[in-house]
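Me: I'm new to this one. Can you walk me through it?

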Amino acid sequence: MNESIKAHNIRIPSEDLDFQPIRAQGSGGQNVNKVSTAIHLRFDIRTSSLPDSWKEKLLSYADQRISGDGVVVIKAQTHNSQEKNRADALERLQQLIVDATKVQKKRKATRPTFSSRLKRLDSKKKHSDIKSGRKKVDY
């Protein structure tokens, strides 16, 4: 099958993708024991044709689907047909690549405003008054 995915205008050829049909888990009647509808998608990051900067970002990305040796393993078994599970696995791989290579906006350090500080202190004082009202009363 000639399948490939496009993420951020980068095309991943089908040679980099390894599909393995497996039997799906869970209930499904007699058919689940005969037909391999689930898909294991394996994508080796190090040997892929992605740009080197993307490879580094993917390898350092904290995701349980990326193994220690740099292979992305996606198991798709939600659909009843192999073709839909294959498309689902490709879509999830594409989303993983997009999420890992997204450039994070730099955070600007800000200070709380004067009124927000006063509101916070006021709410702390009110909460303290409520709690002090629960104390035992000494006569």
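Me: Which residues touch the most other members of the largest nonpolar core?
Reply: This is a predicted model. The core has 20 residues, and Leu17, Leu41, Phe43, Leu58, Val72 and Leu93 touch the most other members.

Me: OK, β4. Why is it largely enclosed by the rest of the structure?
Reply: Of its 7 residues, 5 are buried, so β4 is largely enclosed.

Me: How does β3 run against β4, and how many bridges join them?
Reply: The two run antiparallel, with 6 bridges. One partner pair is Phe19 and Leu41, the latter in β4.

Me: And how many bridges join β4 to β5?
Reply: There are 6, and these strands also run antiparallel. Here His40 has Lys75 of β5 as its bridge partner.

Me: Zoom out. How many helices and strands does the protein have?
Reply: It has 3 helices and 5 strands. Along the sequence they follow the pattern β-β-β-β-α-β-α-α.

Me: What share of the residues is buried?
Reply: Buried residues are 28% of the 139. The protein exposes about 10,600 Å², and carbon and sulfur atoms supply 49% of that.

Me: Back to α2. How far does it reach?
Reply: Its 20 residues span 29 Å from first C-alpha to last, close to the 28 Å expected. Its buried residues include Asn85, Arg86 and Asp88, along with Leu90, Leu93 and Leu96.

Me: New topic. How many salt bridges are there?
Reply: The count comes to 5. One of them joins Arg65 and Asp63, with the closest N and O atoms 3.0 Å apart. Arg65 is partly exposed, at 25% relative accessibility.

Me: What does Asp99 pair with?
Reply: Its side chain meets Lys102 in a salt bridge, 4.0 Å from N to O. Asp99 is partly exposed at 29%. Lys102 is partly exposed too, at 47%.

Me: Where do Lys126 and Asp122 lie?
Reply: Both are in helix α3 (residues 114–132), 4 residues apart, about one turn.

Me: Is Lys126 exposed or buried?
Reply: Lys126 counts as exposed because its relative accessibility is 52%, and the cut-off is over 50%. Asp122, at 40%, counts as partly exposed.

Methods
Residues are numbered from 1 along each chain as its sequence is written. This is a predicted model: local features need pLDDT of at least 70, side-chain atom pairs count only at pLDDT 80 or more; totals for chains, interfaces and linings use all residues. Side-chain values use heavy atoms; hydrogens and water are left out. A nonpolar core is a set of buried Ala, Val, Leu, Ile, Met, Phe, Trp, Tyr and Cys residues joined through side-chain atoms within 4.5 Å. Buried means under 20% relative accessible area, exposed over 50%, partly exposed in between (1.4 Å probe, protein chains only). Two strands pair if DSSP finds at least two bridges between them. Accessible areas come from the Shrake-Rupley method with a 1.4 Å probe; for residues, only the protein chains shown count as cover. The expected span of a helix is 1.5 Å times one less than its number of residues.
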